[in-house]
Amino acid sequence: MPQIILEHVSKRFERFVAVEDLNLEIADRGFVTLLGPSGCGKTTTLRMIAGLETPTAGRILIDGKPVFDGEKGINLPPNKRDIGFLFQNYALWPHMTVYENIAFGLEMLKWDRQRIAARVGEMLELLKITEFGKRYPAELSGGQQQRVAIARTLAPSPRVLFMDEPLSNLDAKLRGEMRTELKRLHTDTNSTFVYVTHDQLEAMTLSTRVCLMESGRLQQYAPPLEIYNRPANTFVASFVGNPTMNFIPARVEGREAGTARLRVLGRTAVFTGDLPPRLPEGVTLGIRPEFLPIREEGPVRAQVYSTLPAGMETTVKLKCGEEMLTSVVFGSVDYPVDAGVGLDVVGKDIVLFDGENGKHLSQGALQF
Amino acid sequence: MTKGAADLRREPLKYRLRAFFGKPANLILLFFLITLTVLSLMPMITMLTNMFTVHAGTEKKMLRQGVGSWTLNHFQMLFADREWSQSNFWTPFLNSLIVAAGSGLLGILIGGAVAWFITRSDLKCKKFISAVFVFPYMMPAWTLALFWINMFQNSRVGGGVVGMVESFFGVCMPEWFVYGLFPMIVVIGLHYSPFAYLLIGGILKNMDATLEESATILKASRWTIIRRVTVPIVMPAILSTFLLIFSSGFASYTVPVFLGSATRTFTLSTKMRALIQAGYEGQGYIMAFFSILLGTAILGLNQYFTGKRKSFTTVTGKSGQVSLVKLRGAGGVISALLILFTLFFAIMPLVSFALESVIMQPGNYSFSNMTLNFWIGTEDSAFETGMPNGILMNGTMWMGLLRQVGLALTVAMIVGTCGMLVGYACVRRRGSWLARAVENLAFFPYLMPAMAFGTIYLAVATSASFKWMYGSFFLLGLVASVKFLPFASRSGVNSMMQIAPEIEEAATIFGVPWVTRMRRILFPIQKSAIMSGYLLPVINVMREVALFTLLVPYPRYLLTTMLFSFNETGYAQYGSAVTLLIIVMIIAINSLVNKLTGASFDKGIGG
């Protein structure tokens, strides 16, 4: 069964390091997203696994079989890796009809005519594009082209499917629809999906595991909710979640077993959690906006800077001394600008980061 | 950066080499790196040594030195021998500069104006004007020169032959108008104005209309918009077009030969040939080298203009519906003038050549003076035509035509294929030094004026080890292939750039082998552009003179060089007939290829 393993994989372009010593294990039938800002090396990683790009060093195994090994000089071409690849711009061949596009890969596998016709028909039906068989790609809308591209990729039944930002060229509504379809397709095809995106919402909603990268380095590899609740560092914490987590600088004033006294927002607070043996003096508190409710009698005073009601919830930007804080309130509330409000901190997933290097130190509750 | 495990696991050289050669693009690049280095650098070296060594003939006696020994005599004569260098270098050089600058300006002015009218005004008959206007660019430049002479020569200047204007209207144009620098500027400027039109028009057409529209909304007047928005945006393109026409004008050989011989007005390229034929090879090679240096400098300047931050030529946008300038009453007049103008320079030359090729006594256009003997005459008419028979009855002519066509097709096959491969490989390996090197090497011959390029190959073919090449069909094919590769490789690069790499990768994933990917995916997508890459060299070879004139074994070997020998020896009617034949063949080839593949020598930007 197709399990993918990357060992110490690196890729350099002359001096620029695209991917640095990457280790990754993608489970069989998983739906793994490579997430990160543009230029973080996620697409390069995907292309290396697919065999479109040659790593500078390392080892890649698909289904226990090495497809690339820098030391032994193994480098299988993409077509020997039994994979499918869905490109961001679809890469449909403009001079072939939809039917020909889907049939082409099967022709290359030397299937006979009837079998090809049957398979193409099946694919057209699966993707609900049967009526477009004789059209050329240019005569289709973006969403339809996307479906053709998926059909073409799935036709030879690859056991691993790679997708490079496949939804980024679609409008918001279609993107939502295709997301649902992709997740369904993952179950229906019973294969392993590796998916590249810079959209954290896409990563959160689709995948079984998220691989978050920055500047060619792996930041965290975990299930989406763990990434959200227990971010490995401030970069991960800020990249995932919308609106972004609040980062509030704090000073450690003293500690006992399991608690630490912090000076934060001009006040003293007690942090309770599983503390590491040594705490630096300067730390950063990470508080998700939903853990920072507005309450009249809240211990921290702040001023409303602006209110952004979105219907289901309202994002409130607040000014507290020098800090700009974000709070999310359920329902539609409109606070007058510059109104004074009280803030509270709730929940057990308040994160304590190292103030210097931003690494995750502890997880717990905060009380003023 | 930490020295992680990755550094220790770098691939051994052996595997990296295997990975390198596993990519077809790398193999192609390596092949062209070696071939092009040999084909363009070797001749350069031969030419350089020839600049410093003593040649056989008069020079050997004069200097009392052995052939091949070192000397600086060529430099001394060319640059420091007062009168000799004045008449043999400085004056021709200055003439070349004047012609180049003048024709550059004229070309931009005419081409730019037409481009603006076609893309930005509500001119009438746009399609027609656009189609006819680019026509002279397809014809060899010397046809316009010949046409000029046919029209304006008169009893008071040059050989005293009466031209059409004097014959029909009784007007005698002054000598400066008929021969010399003025007509050279006009002819070259006119010839390249379609080129300016295509480049500038293309940019105007692709320029985002919102750039101009936003100025309209800010209450800028039409004229202010042209001055402050449109012109600055197309300025880099205008400069670059000017430089390209400048370098073509500077290198032009055929036009100065026709328009300068009568008054002995030399330019650098005509002088170069005269010197080489008069036994001053060393001096000629120095001139060739000098023009190569100048060409390189101009191209460098061009890259500077188009490459720097202020180059907006790539600015394209949705280019919505441009609101066209209403010409109102003037529109009809301007349309009529443009139609007359384009017709005059596109159709009249053909009429003129047809006429000139059938009149016995030059200048007399009455029916009684007409004969078809220059075309289909037999031995009976030998006396009146001065040749054994008419050109259509002449074996030498047919052989020349056959060779020219054969050469054109051979070169097109080589150049078209190489251009496509270079384009593919350079685009796939874009950014690597190898791709950069090959792209530059393939473009290098463009910097060399055709006459200079012919000259350096002459230097090679007359050297001891390559004697077997001299005057051979092989040599002509080789020279033309290298010389015309720049255009083909440029168009190859451009067409391949339009295909996203994913288009090919999508096929790679299905295990499609490289040859099949080229044949079934890349080639069909860019069919028209790639066919143009094959068509261009055909037309170039069909009309090329300067490149071949020094290399043919005898003047009547090819059709174009034959034409020049006719004109030099005074058989003007034969010259006109052969010219007409060449033009008709070029048009026929272009329209045939256009019908079959949709490719065209120069895709008009249309109305």
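Domain bounds here come from an automatic or database domain assignment. On that basis, chain B splits into domain 1 (24-47 + 388-600) and domain 2 (103-267 + 327-367). This is a predicted model, in which local features need pLDDT of at least 70 and side-chain atom pairs count only at pLDDT 80 or more, while totals for chains, interfaces and linings use all residues. Residues are numbered from 1 along each chain as its sequence is written, and chains are lettered from A and ligands numbered from 1 in the order in which they are written.

The two domains of chain B have C-alpha centres 27 Å apart. Where they meet, 17 residues of domain 1 of chain B are in contact with 15 residues of domain 2 of chain B, contact being scored when C-beta atoms, placed from the backbone, lie within 7 Å. On the domain 1 side, the elements giving two or more residues are α24 (450-461), α28 (527-543) and α30 (572-597) of chain B. Helices (H or I, at least four residues) and strands (E, at least two) are DSSP runs, numbered from the N terminus. The largest share of that side, 10 residues, comes from α30(B). By class, the domain 1 side has 12 nonpolar residues, four polar and one charged; Ala, Val, Leu, Ile, Met, Phe, Trp, Tyr, Cys and Pro count as nonpolar, Asp, Glu, Lys and Arg as charged, and the others, Gly among them, as polar.

Elsewhere in chain B, helix α3 (residues 24-51) packs against helix α23 (residues 433-447), with axes that come within 9 Å and cross at roughly 35°. Axes are lines fitted to C-alpha atoms, for helices over the stretch in contact, and angles run from 0 to 180 degrees between N-to-C directions. The crossing of α3(B) and α23(B) is left-handed, so the near helix is turned anticlockwise from the far one by less than a right angle. Residues of α3(B) in the contact include L29(B), F32(B) and L36(B), and those of α23(B) include L434(B), V438(B) and L441(B). This helix pair brings together 12 nonpolar and two polar residues, with no charged ones.

Between chains, 25 residues of chain B touch 27 residues of chain A. On the chain B side, α1 (5-8), α2 (13-21), α26 (501-509) and α27 (514-525) each give two or more residues, and α26(B) supplies the largest share, six residues. That side has 15 nonpolar, three polar and seven charged residues.

As for chain A itself, there are eight helices and 21 strands.

Note on methods:
Two residues are in contact if their C-beta atoms, placed from the backbone, lie within 7 Å.
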